[in-house]
Each structure stands twice: as C-alpha cells, then as structure tokens.
Amino acid sequence: MEVVLVWGVKDDLEDLKNTISTIQAVILDAEEQKSNNHQISDWLRKLKNALYDADDVIDEIDHSKFNLTERAIVVESNMVSRKREMTHSYVDVSNIIGRDLEKENILSMLMQPSNDEQENVYVIPIIGIGGMGKTALAKLVFNDERVIEHFDQRMWVCVSDEDFETEKLTKKILVSATKESAPDLPLDELQTQLRNALNNSRYLLVLDDVWNDEREKWLKLKELLVGGADGSKIVVTTRKKSVASVMGTLPPQELKGLSHQDCLSLFVKCAFIDGEGKHYSNLVKHGDEIVKKCGGVPLAVRALGCFLWASMRDNEIWKSKEDRILPVLKLSYDELPACLKQCFVFCSLFPKDFEFSNHELIQFWLAHGLIQPSGRNEDLEDIGNEYVIELCSRSFFQDVDDRKFFVTFKMHDLVHDLAQSVAQFDHYTPNDAEKLHSSEVRHVSCHGPEEVLTLAQKIDKIRTILFPYKDGGAAGKSFVSTCASRFKCIRYLDLRDSDFEALPSSIGKMKHLRYLTLFRNKRIKKLPASICKLYHLQTLILGECGELEELPSDMGNLISLRFLSVTTKQRTLPGKENGTGCLISLRCLWIDECDNLESMFEGIQNLNALRTLIISNCPSLVSLSTSVKHLTELENLIIYNCERLDLMDGGGDEENGTQGSSSSSGSSTRLRSFMIVKLPKLDALPHWLIHGPTATTLRYLHIASCHNFKALPKSLEVLRKEKK
C-alpha cells in the first residue's frame with residue numbers, strides 16, 4: 001500500500017517501465033549538458049536518484065507480481081553542440097619525436113603506383129585514440145620532401161565538426177586545391193570546378209579527424225575525387241576503426257604509444273629550453289617517473305612537460321591533464337551512442353591495467369540493466385558482445401587477445417582516467433575519498449569488506465559491491481549477513497575468495513540480486529535453500545568451490561539464471577523435479593573440477609536456451625547424457641581433461657551401429673565450435689555429431705592431447721584440423 005501511495009496507481013506496470021525508459025533517455029541527454037550548467041547537474045542528480053528508487057519499486061513488483069504505475073512525466077531535452085579545434089598542415093619537424101617508422105611505412109604506400117584498374121585513388125587510414133599523434137604524423141608525411149616532389153598537388157582538409165556533408169567538404173577541398181576563397185555556388189558547379197582542379201594531376205589529400213562511418217556519405221564524396229591521375233592518394237586520420245573499414249583501400253597505420261625513451265625525450269624538449277635539461281638532472285629524473293603515467297600518449301607527455309615548474313612532483317602537474325588531455329579524449333566519449341556511454345562509465349569501477357574478459361564484462365553490464373534489446377530477436381549476450389566490439393573499434397579498449405571462446409582486453413590508463421572523469425556521483429572507488437560518507441553512492445569498488453562496512457554506516461541503497469583488486473580481503477559470513485540486512489537493493493555482489501563454510505540464509509532477502517559470485521571459496525560446504533528465491537538472479541558463479549557438497553534441490557526456481565558455473569562434490573547434479581534441468585533461461589553452463597561427477601543430470605534436453613556447455617577437469621565423468629544431442633540452441637561445446645569420458649557411449653550411436661545417417665542419428669544440435677582436449681579414450685567423433693546438423697554448421701574444431709584419436713571423418717575434412 002505504501003508503494004501505491006507513493007506512485008499513484010493509474011494504469012499498469014508496463015506504463016511505469018516505459019516511463020522509466022524515457023527518463024533514462026532524458027538523463028543520458030542531460031549528462032552531456034551538465035558540465036557547463038550547475039543547475040542541470042543538480043537536477044540530474046535528483047532525477048537519477050528518483051530513477052533508482054523507481055527501478056527498485058519495479059523489481060519489488062516483479063518479485064511479488066503486483067501491478068503498478070506512476071504519473072506521466074514529460075521532460076524536454078536539448079541537443080548539445082560540440083566544437084573541435086580545427087587543424088592545419090604546417091609542422092615543425094623538430095617537435096615530432098618517435099614516429100619515424102610509421103612515417104616511412106606511410107611514405108612507402110604513398111609512392112606505390114596504382115595497380116587496380118577500378119581504383120585510381122587509394123586511401124590510407126591512420127587510426128589511434130585521441131592524443132596519440134595522428135594529425136602530427138599526417139603533417140610529417142604531408143611536408144616530407146619526397147611527397148612534395150612526387151605529387152602534383154597537396155591538399156589538407158580538417159573534417160572534424162562537419163557532418164560529412166558533400167557540399168561543405170567539396171568547398172574545403174576546392175579551397176585547398178586552388179588556394180582561392182570558396183565560391184558560393186551550388187554543388188553541381190562546385191563539383192565541376194573541383195574535378196577541373198584535379199584533372200590529370202597526381203594529388204595527395206589529407207582528410208584530418210574523420211568521424212563519419214556511413215559508407216553512402218563517403219561514396220558520394222569519393223566519386224568527386226576520382227578525376228586525378230593514377231597514383232593519387234588520400235590519407236585519413238580517425239579514432240574509429242569503422243571509419244578505416246569504410247574508407248580505407250590500403251592497410252591502416254594503427255598508432256601505438258611512444259616508447260618510454262621517446263616519451264622522455266619529448267617531455268624534456270617541452271619542459272626545458274634547448275640544452276637546459278642537462279643542468280637539472282634531478283628534475284629530469286622526476287620527469288622519468290612522470291612520463292610513465294602517460295602510457296605513451298604524446299599529447300599527455302607534451303601537456304605535462306609544458307606545465308613543468310619547480311615542484312616537479314606536485315600533484316597539480318598531473319591534475320593538469322584534466323585541462324588539456326581529457327577534453328581531447330572526451331570527444332570520443334561524446335560521439336558514443338547512449339547505451340555505450342553507460343557501459344563505458346561502468347568500466348571505471350575496475351582498476352587500471354585490469355584485464356577484462358568479454359563474458360565477465362557482459363554479465364556485469366547485464367546485472368545493471370545496461371544492455372538494451374535490439375528488437376531483432378537477439379540474445380542480450382550477443383548485443384553485449386557487439387558493444388565490446390564497438391568499444392574496441394573506437395580504441396576505448398586495447399591489447400585485445402582473441403582466445404577463440406572468449407576475448408580479453410584492457411583500457412589505456414588515460415582512457416581509464418576519462419572513464420573516471422565522466423563517472424557519476426553514485427560511483428565509489430578507492431580514489432574517491434570525498435564520497436566515503438555520501439548517501440548517494442550506489443556502486444562500490446574497493447579493496448576489501450572493511451571499506452564497504454565503513455560506507456554502510458551512511459549508505460543503504462548500494463547496488464554494486466565489487467572487489468577487483470588483487471589485494472582484496474576475504475569476506476566472512478558476518479559481512480554477507482550485513483549486506484543482506486543493510487543493502488536490500490543490491491544487484492551485484494562479489495564474494496570471490498570469501499572465507500566461510502555456509503552462505504547465510506539471509507541471502508534470500510536480496511530480491512534484486514542479478515549477479516553473485518562465490519568463486520574460489522575453498523571452505524564453503526552448503527548453499528541455503530533460500531538462494532532459490534532469487535528470481536532475478538542472472539549469473540551464479542560457484543567455480544573452484546571444492547568443498548561444496550551439493551546444489552540446492554530447487555535450482556529450477558532461478559527462472560532468470562543465464563550463466564552458471566559450478567564445482568561440487570556431487571556424483572550427479574539435481575536434474576528433473578525442479579533441478580538444474582529446469583533452468584529455462586540458461587545460456588551458459590560450466591561444470592568444472594567436479595571430482596566425483598559420474599554422469600550429467602537428467603532433463604538436460606530441457607535447457608532450450610543453452611548455447612555454451614563447458615565440462616572441464618571432471619576425472620570421474622564416464623558419459624554425457626544421451627540428451628545433449630537434442631540441445632537445439634547449443635553452439636559451443638568444450639570438453640577438457642576428463643580422463644574417463646567416452647563420447648561414443650550414450651550418445652545415440654549404439655542405436656544404429658556405424659551406419660549413421662542424418663535421419664537415424666536423431667541429433668538436432670547445431671554446433672559452431674567444438675573443443676576436445678585431454679580425452680585419452682577418444683578415438684573417433686560420435687556419429688550424432690558427424691552426421692547430424694552439426695556436420696554443416698561446425699566452423700571451428702579443436703582436438704588436442706587426445707592420443708588415441710585416429711582421424712577426422714571425410715564429412716569434416718573441410719575444417720581446419722588442429723590435432724596435437
């Protein structure tokens with residue numbers, strides 16, 4: 001009744017959800033304006049706090065199956081205009097350090113003759129995050145004597161704020177080509193003049209700071225640029241890999257950070273008058289420590305060098321990055337779609353140099369409702385993976401390592417600084433001491449439980465508790481009880497490396513919980529039955545809980561569970577009768593280090609949404625369930641180090657001997673990836689795999705350390721075989 005009085009029931013729950021979605025859109029738009037308007041910042045803070053409360057109400061209603069709505073809210077929003085600094089082609093070569101190799105790479109491409117009858121102009125993209133020196137490198141190339149001699153015409157156009165409008169860009173290119181003021185003519189006459197200016201001349205055009213990745217817009221401009229002589233080239237600088245993909249015809253030059261020595265040389269050059277640095281060896285020594293913070297980004301090194309003064313190690317020097325460096329990087333953030341902005345900001349809760357995996361980060365985003373349905377009947381995990389790919393393509397993530405079944409990556413230190421700078425009042429990390437007693441904190445990332453308990457004295461609406469630091473302390477049972485009694489709205493609870501034998505039954509009070517990890521709890525023996533009341537739980541991680549005796553019998557009540565990893569002492573997992581086989585939303589199941597597990601659970605064929613099944617380090621496992629072959633959505637199957645497992649047993653092969661036809665095998669599984677490692681009993685692939693639909697859908701097969709395995713069947717020889 002209290003909820004009803006607060007919100008005023010008029011229609012139904014769906015209206016409330018729609019309104020909250022509208023408020024979220026307004027908040028995202030307002031966040032772009034708040035930096036220049038304190039009134040908007042204050043209004044935004046209040047609105048966001050109200051949104052949190054409304055979201056909690058919806059969860060309560062979903063949990064109890066009530067109907068509720070609220071008053072209509074109408075808010076007008078204004079678009080924010082952004083302005084970028086225009087560039088020019090002049091460069092003092094002595095000020096550019098450490099780009100000789102990249103320069104020579106581009107020069108070699110510029111001097112290449114045209115070998116393609118369909119392309120008389122080639123495009124070379126230069127890619128890198130803001131401040132990495134893309135424009136400086138383009139200037140070096142543009143002003144090189146070999147380029148001046150090789151090309152009949154050189155043109156420089158700063159695209160930046162232009163919405164890649166053909167008419168505006170045509171004017172700019174024409175001005176650069178003719179060195180005359182832009183004529184006020186319609187596009188048809190402009191294109192005629194431009195084509196005349198380029199006619200039969202071998203030209204170099206630099207398009208600096210391009211953001212457009214719409215192929216149609218590029219093709220409209222490109223058709224006006226094909227009138228030059230063979231060997232004409234276009235150099236494009238951009239922060240987005242998608243731009244390079246759309247415009248590039250030659251391999252892109254992707255800029256990495258400068259070496260430490262080059263950074264130090266640039267720092268000394270900016271900090272001291274020529275030759276003066278040798279008289280201040282102590283300051284140069286301190287400078288050596290400072291440039292390590294710059295992560296190889298020339299803009300950061302230059303800015304800090306120019307701000308050098310007597311107290312070299314004063315914190316104010318590093319703070320200067322907020323004035324000079326972060327605004328440049330923030331241009332990339334401002335260009336992100338709203339959904340990616342939220343996801344990027346939440347990455348600030350992890351420490352610098354943290355190695356993300358795409359699966360864990362996607363589950364983190366899911367727990368906070370940051371992944372929005374596309375309307376194309378896609379799984380949220382697939383949409384989340386698209387988010388990761390897009391952030392990688394825009395250089396927000398780097399050091400990407402594709403490991404076939406998952407991808408790891410990191411954030412550059414300066415990109416991490418950007419994430420923290422745009423993070424909201426509701427995020428707390430160990431660097432936010434001023435927020436320690438703020439009642440508005442919702443998301444907490446810290447070293448250990450003690451910090452959380454300090455925050456608990458003031459805050460009761462925490463949604464995230466995360467311990468991503470390597471020195472994080474182990475949470476005890478009392479900590480969990482405190483969280484359950486204090487933080488009723490929590491969505492994400494990190495209890496990895498915790499130290500207790502039994503999870504308290506009060507965990508069942510966390511109605512809003514989406515993500516729970518007990519990873520690597522070496523003592524836990526029992527889970528309370530109340531954990532099965534967590535109807536919103538999406539991710540449950542029980543991996544490396546070697547003392548866990550059994551899973552609760554009513555696991556099937558976890559109707560929202562999408563990811564489950566488990567280590568247990570059980571001989572078989574609870575299957576039918578509301579067990580694991582009733583997890584209708586499960587997308588990924590990982591069974592690891594279950595030493596006593598002898599067989600898979602009954603009812604596995606009911607996991608109609610399961611897409612990934614991983615079975616690893618289960619030495620007693622003898623056979624898979626005959627029902628595995630009926631998992632219609634299963635795409636990835638990974639089996640690792642199961643010494644007694646015989647895939648030929650119980651897979652349906654005994655029914656038809658070795659005849660194996662598509663119709664007789666009865667398999668409906670459509671695997672795309674199959675990995676088998678350390679299965680000493682494996683001598684051949686099961687017939688349900690070879691002759692079922694998987695024979696045509698399989699794209700990746702990895703077989704390693706299976707010493708009795710004889711050969712691939714002919715039906716799979718088209719695959720790239722990996723046998724070790």
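**Entry 1: the core.** I looked up the largest nonpolar core in this predicted model, and it has 84 residues. Leu-503, Phe-674 and Leu-685 have the most contacts inside it. Helix α22 (residues 477-486) gives the largest share of this core, four residues. I also found a second, separate core of 81 residues, and it includes Ile-106, Leu-304, Val-422 and Leu-466. In soluble globular proteins, nonpolar side chains tend to be buried together.

**Entry 2: Phe-674.** I then asked what Phe-674 touches, leaving aside neighbours within four places in sequence. Among its contacts are Leu-637, Ile-639, Leu-647, Leu-685 and Leu-689. Tyr-700 and His-702 are also on the list.

**Entry 3: helix α22.** Which residues of α22 are buried? I noted Phe-479, Val-480, Cys-483 and Ala-484. They lie on the same side of α22, because they cover an arc of only 135 degrees around the axis. I followed the buried residues of α22 to their packing partners, which are α21 (449-456), β11 (464-466) and β12 (492-494).

**Entry 4: cysteines.** How many disulfides does the structure hold? I got zero. Cys-483 is buried, with a relative accessible area of 1%. Its closest cysteine sulfur, in Cys-446, is 9.9 Å away, so the two are too far apart for a bond. Cys-594 is buried as well, at 0% relative accessible area.

**Entry 5: salt bridges.** My search of the whole structure turned up 28 salt bridges. I picked Asp-144 and Lys-103, whose side chains meet at 3.0 Å, N to O. This pair links distant parts of the chain, 41 residues apart: Asp-144 sits in the loop between α5 (134-142) and α6 (145-150), and Lys-103 in helix α4 (residues 100-110). Are these two buried or exposed? Asp-144 counts as buried at 9% relative accessibility, and Lys-103 counts as buried at 14%.

**Entry 6: Arg-146.** I moved on to Glu-104 and Arg-146, which also form a salt bridge (3.0 Å, N to O). Glu-104 is in helix α4 and Arg-146 in helix α6, 42 residues apart. Glu-104 is partly exposed at 36% relative accessible area, and Arg-146 is partly exposed at 42%. Arg-146 also meets Asp-144 in a salt bridge (3.0 Å, N to O). Elsewhere on my list, salt bridges that share partners join Asp-379, Asp-382, Arg-587, Arg-611 and Glu-635 into one network.

Methods:
Residues numbered from 1 in each chain as written. Predicted model: local features only at pLDDT ≥ 70, side-chain atom pairs only at ≥ 80, totals over all residues. Heavy atoms only, no water. Core = buried A, V, L, I, M, F, W, Y, C linked by side-chain atoms within 4.5 Å. Buried < 20%, exposed > 50% of the residue type's maximum accessible area, 1.4 Å probe, protein only. Helix = DSSP H or I, 4+ residues; strand = E, 2+ residues; numbered from the N terminus. Contact = heavy atoms within 4.5 Å. Arc of directions from axis to C-beta. Disulfide = S-S within 2.5 Å. Salt bridge = Lys/Arg side-chain N within 4 Å of Asp/Glu carboxyl O.
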